[in-house]
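Thanks for coming. I will go through one structure, beginning with a term I rely on and then taking the contacts in turn.

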Amino acid sequence: MTVHTDSPFDIVAREDYSDVTYMLEVRHPLMARAAKPGQFVVVMLQQHGERIPLTIADFDRDKGTITLVVQAVGKTTREMQRSCRVGSRLHAMVGPMGLPSPIGHAKKVVCVGGGLGVAPVFPQARAYKESGAYVIGVLGFRTKQLVFWEEKFRSVCDELILCTDDGSTGIKGLVTEGIKLAMEQHQDIDEVVAIGPPIMMKASAATTRPRGIKTVVSLNPIMVDGTGMCGGCRVRVGGEVKFACVDGPDFDGHKVDFDDLMMRLRRFTAEEKVALERWSESCRLVDATDAWVTKLMTEGER
Amino acid sequence: MASKKRTIRTIPQERTPAREQPPAERIRNFTEVNCGYLEADALVEAERCLMCDDKPCVPGCPVAINIPEFIRKIGEKDYRGAYDVIAETNLLPAICGRVCPQETQCEVVCTVADTLEPVAIGRLERFVGDRAIAGRWARVPYIEPTGFRVGIVGSGPAGIACAADLAKAGCAVTVFEAFHEPGGVLRYGIPDFRLPNEVIDAEIENLRKLGVRFECNTLVGRLFTIEQMLNEMGFHAVFIGTGAGYPSMMGVPGESLAGVLSANELLTRCNLMRARDFPQYDTPIPLGKQVAVVGAGNTAMDAMRVCLRLGAEKVHCIYRRSRTEAPARVEEVHHAEEEGIEFHWLTAPVEVLDDGKGNVRALRCIKMELGEPDDSGRRRPIPIKGSEFEFVTDQVVFAIGTHANPIIGQTSKLKLNKRGYIEADENLATSIAGVYAGGDIVTGAATVILAMGAGRKAARSIREYLGIRDPSQPYDPGADAVFGIATSERNFGRLRVAATPTMATAAP
C-alpha cells in the first residue's frame with residue numbers, strides 16, 4: 001500500500017446532467033480504496049473557500065477515483081460549476097467521512113433518491129444488490145430532461161420506478177408516490193433507504209411509518225470539519241443530540257427531527273445570500289471584461 | 001564580559017513589563033495583545049537572572065531548557081547563541097514562550113522569586129523565538145537515519161512535539177492531519193491575538209527542515225486505520241495525538257437555534273477558516289450583538305475575546321460556580337476583564353429562548369449557590385429555587401468542555417476507557433504494541449504544554465521500543481535480556497525487521 005495522500009485532487013472527468021447538476025470525478029486512489037456506501041467527503045474549492053460536505057456518489061477502486069454529483073445551489077457549488085474542469089484540481093478533499101451504511105441482511109430493499117439524493121443512493125443500491133437483495137429503485141426528478149444515471153440504476157435494480165413532477169416520464173408525482181406504489185406491489189419490503197432534501201426524507205419516512213418499515217435517511221447538515229470537532233452538524237434523533245459527521249450520516253428516519261434539521265440548515269441564509277450576490281457580481285464583471293476583450297480583439301483583427 | 005557577581009541587591013528590582021496593546025484598541029483587531037520585548041527590554045530582564053548555582057528553573061521546565069545559559073547569551077547580545085541553547089531541547093520557543101504557564105513551571109521556582117518577582121523567563125524565551133523567526137534561523141543537528149518510520153496522527157501540540165524528538169533521533173516521521181493546514185488546536189483553537197498563525201507556520205517550517213513530512217487532508221481511521229499503518233504502510237511505530245474535541249452541549253431546550261454554537265465551532269470558523277474576513281473568505285460566522293458565553297475555562301475566555309473582536313457590543317460570561325473555581329488561567333480572566341467582558345458567576349442556563357423566527361432572543365438562567373465539594377474537589381453548585389430570570393442575548397456560545405473524539409475508537413481495536421479516551425500506561429503505550437498515545441485523547445481536555453510534554457514522553461517510549469538508545473543515558477535491559485537487548489524492544493527483532501524492503505534500503 002503506497003501513500004499518495006498529498007495527491008492534488010485532480011479532476012479527471014466531468015459531466016453536466018442539467019444546468020444545475022454536474023458530476024465530477026476526482027483522483028484519490030487511497031480514498032477510492034477506503035470508501036464505503038453512505039460516506040461523504042469535505043471539499044474546499046480554493047484557499048479562501050469554505051469546507052462543504054458532499055456525499056460520495058460512487059467510487060472506482062481500479063481507476064482510483066471518487067465521484068461527486070453536485071447541485072449548484074449556493075456560492076461554492078456554483079463556483080465549482082464554473083471553475084471545475086478536467087485537469088483542474090480541488091484545493092482540498094478529505095474523507096471518507098462518517099459511518100458507512102450498514103448493509104444488513106435485508107431481502108427486499110427500496111432505494112429512494114430525490115434531487116441531490118439520486119446519486120448518493122446509488123452505492124447503497126449497488127451494495128444491496130451485491131449482498132443478494134431484491135432492489136427496487138425509486139428516483140424523483142422534476143422533468144424528463146433532468147433524468148440521469150437511469151441505465152446505471154437499472155444495472156443494479158430489479159425494478160426501477162421513475163417519478164417526475166410533470167409526468168413526462170415514469171409516474172407523475174413525488175417519490176412518495178413511487179414508495180406507495182412499491183409498498184402496494186410488495187408486502188415484504190424489509191427496508192427503505194431515502195436520500196434527498198430534508199423535506200423529501202421527512203415525507204418518505206412519513207409514508208413508511210404506518211407499515212413500520214425500517215427507513216434509513218442520510219442527513220447532510222452544515223459542517224465545518226467533518227470530524228466531530230465543531231458540533232455544527234448536530235441533529236436531534238429520538239430526542240438525543242447526535243453529530244451527523246461521526247455518529248451518522250445515516251439515521252433512523254422515523255426518529256429524526258426533520259423540522260430541527262431544516263431550521264439548522266437556514267442558519268446562514270443571510271450570509272449565503274451576501275456571498276452569492278458578491279460572487280455573481282464578480283462573475284458578471286469578469287464576463288463583461290472577457291466580452292469586451294474579445295470585441296476589441298476581433299475589431300483589431302479587422 | 002567579566003562582571004562582578006550579581007546579587008539580589010544589584011539586579012534590576014522590577015520585572016520588565018511586556019508591552020501590550022491597550023484594551024480599548026486591541027478589542028477592535030486580531031493583532032497580538034502582548035507585543036513582546038524590545039531588545040532593550042530583554043537586555044534589562046536578562047540582567048535580573050542571578051546565574052545561581054542550583055538553577056531550579058531547569059528542572060522546573062517540562063523539557064529542561066538550559067535557562068540560565070540562554071539568558072546569559074541574551075545578556076551577551078548573542079541571540080543566535082541563545083536560540084541554539086533553547087533549540088537543543090525545544091524546537092518551538094516562539095509557541096512555548098507564548099502559551100506555557102511559566103508562572104507554575106520555571107518561574108515559580110526561580111531563586112529571584114524568593115525576594116522579588118521572578119525573572120520573566122517566558123517573555124525572554126519568546127523574544128528569542130521571535131528573533132529566530134525573523135532571522136529564519138533553524139538548528140538542524142546532524143541526524144543519523146535509523147531507517148525506522150514513525151506515523152503521527154494529529155498535528156497539534158502533542159503530535160509536533162513527538163515529531164520533533166523522533167526526527168532528531170533519526171526516524172522518518174510523517175504527521176497526518178485531517179484539516180487542510182497543520183497545527184491542530186494551535187491553528188483552529190487559539191486565536192491570532194494570542195498565537196499568530198505566522199508563528200505556527202514558522203515553527204512547522206522548522207520541523208520540515210528536520211525532515212518531518214506533513215500530510216494534510218488525511219483522516220486517519222477512515223482513510224486508513226491505525227492497524228493498516230503498522231501492517232501495510234510500513235510504519236514501525238505510531239503516535240496518536242488526536243485531541244479531545246467532541247464539544248459537549250448542555251442538553252437544554254433551544255440549543256438548535258441559529259446563533260447557538262460550540263466554542264469549537266466559533267473558533268474554527270474564525271481562526272482556521274478566517275470567517276472574520278467574510279465575505280473575502282467564504283466561511284460565514286454568526287455575529288451577535290449581545291453574546292453570552294457559557295463556561296469559564298481558557299476556551300471560554302478565547303471565545304469571548306473573539307466575539308468582541310468580531311464586533312459584539314457586549315459579551316457576557318455565564319458560569320455556574322464562582323470565580324475561585326473558574327478553570328481559566330488567572331491572566332486570561334484578567335485580560336478578559338480588561339477588555340470589558342462582564343462576568344456572571346453562580347449562574348447556569350436552563351433554556352435558550354427563541355424569537356419565533358429560529359433566532360435567539362434570550363437565555364433563561366437560574367442562580368446557584370455552592371454546596372459541598374464534589375469529586376473534582378470543587379464546591380458543587382446547587383440551583384436556588386425560584387431564582388430563574390431571563391437574560392437578553394442574541395448569541396449563545398457553549399464552552400463547557402469536550403468529550404473524546406470517537407473516530408479512532410470506531411475504527412481500531414485500541415482499548416478505550418469508559419469515557420471513550422484511549423487507555424495508555426505510564427509510558428503512554430496503548431493496548432497495541434508499537435502504538436502510543438498522548439495529550440487530550442488520553443487525559444481529556446488539558447493544556448497545550450501538557451500535550452507537548454506527553455508528545456515528548458511518547459517519543460522517548462517509542463525510541464526505547466524501537467531500540468534507539470541515547471548514549472548519554474545508562475541502559476538497563478532488565479533480567480529477561482538476550483544478548484544484552486531487552487526482549488520488549490523492537491531492536492530485539494531487528495534481523496527480522498531488516499529483512500523488509502524499507503529497512504534494507506535504509507541500511508548503510
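When I say buried, I mean under 20% relative accessible area, exposed is over 50%, and partly exposed is in between, with a 1.4 Å probe and protein chains only. By that scale Arg213(B) is partly exposed, since its relative accessible area is 44%.

Some conventions before I continue. This is a predicted model, in which local features need pLDDT of at least 70 and side-chain atom pairs count only at pLDDT 80 or more, while totals for chains, interfaces and linings use all residues. Residues are numbered from 1 along each chain as its sequence is written, chains are lettered from A and ligands numbered from 1 in the order in which they are written, and side-chain values use heavy atoms, with hydrogens and water left out.

Back to Arg213(B). It forms a salt bridge with Glu215(B), and the closest N and O atoms are 2.6 Å apart. A salt bridge here is a side-chain nitrogen of Lys or Arg within 4 Å of a carboxyl oxygen of Asp or Glu. Glu215(B) counts as buried, at 2% relative accessibility.

How many salt bridges does a search of the whole structure find over all chains? It finds 51. One of them joins Arg19(B) and Asp41(B), with 3.9 Å between the closest N and O atoms. Arg19(B) sits in strand 1 (residues 19-20) of chain B and Asp41(B) in helix 2 of chain B, so this pair ties together parts that are 22 residues apart in sequence. Helices (H or I, at least four residues) and strands (E, at least two) are DSSP runs, numbered from the N terminus. Arg19(B) is partly exposed at 34% relative accessibility, and Asp41(B) is buried at 18%.

Another pair is Glu20(B) and Arg26(B), whose side chains meet in a salt bridge at 3.8 Å, N to O. Glu20(B) is partly exposed, with a relative accessible area of 35%, whereas Arg26(B) is buried at 0%. Both belong to a network of salt bridges that also links Arg194(B), Asp302(B), Arg305(B), Arg309(B), Glu332(B), Glu338(B) and Glu339(B).

Staying in chain B, look at helix 5, residues 79-87. Seven of its nine residues are buried, so the helix is largely enclosed by the rest of the structure. The buried residues are Tyr79(B), Gly81(B), Ala82(B), Tyr83(B), Val85(B), Ile86(B) and Ala87(B). Their cover includes helix 2 (39-46), helix 4 (67-75), helix 6 (93-99), helix 7 (121-134), helix 8 (157-168) and helix 10 (197-209) of chain B.

Now the interface. Chain A and chain B bury about 4,100 Å² between them, 59% of it on carbon and sulfur atoms. Buried area is the accessible area (1.4 Å probe) that two parts lose on being put together, summed over both. The contact, meaning heavy atoms within 4.5 Å, takes 52 residues from chain A and 47 residues from chain B.

Two salt bridges are found across this interface. In one salt bridge, the side chains of Glu265(B) and Arg267(A) meet at 3.1 Å, N to O. The elements giving two or more residues to the side of chain A that touches chain B include helix 1 (29-34), helix 2 (75-83), strand 14 (234-237) and helix 8 (258-265) of chain A. Which element of chain A gives the most to that side? Strand 7 does, with six residues.

A polar contact is a pair of N or O atoms within 3.5 Å; within protein, one must be able to donate a hydrogen and the other to accept it, and residues adjacent in sequence count only if both atoms are side-chain atoms.

One residue in helix 2 of chain A is Thr76(A). Thr76(A) is buried, with a relative accessible area of 4%. Leaving out residues up to four places away in sequence, Thr76(A) touches Leu45(A), Glu50(A), Ile52(A) and Asp282(B).

Last, Gln187(A), in the loop between helix 5 (175-185) and strand 12 (191-195) of chain A. Gln187(A) counts as exposed at 61% relative accessibility. Its side chain reaches the backbone oxygen of Met183(A) at 3.4 Å and that of Glu184(A) at 3.3 Å. The C-alpha atoms of Gln187(A) and Lys108(A) are separated by 9.9 Å, with the residues 79 apart along the chain.
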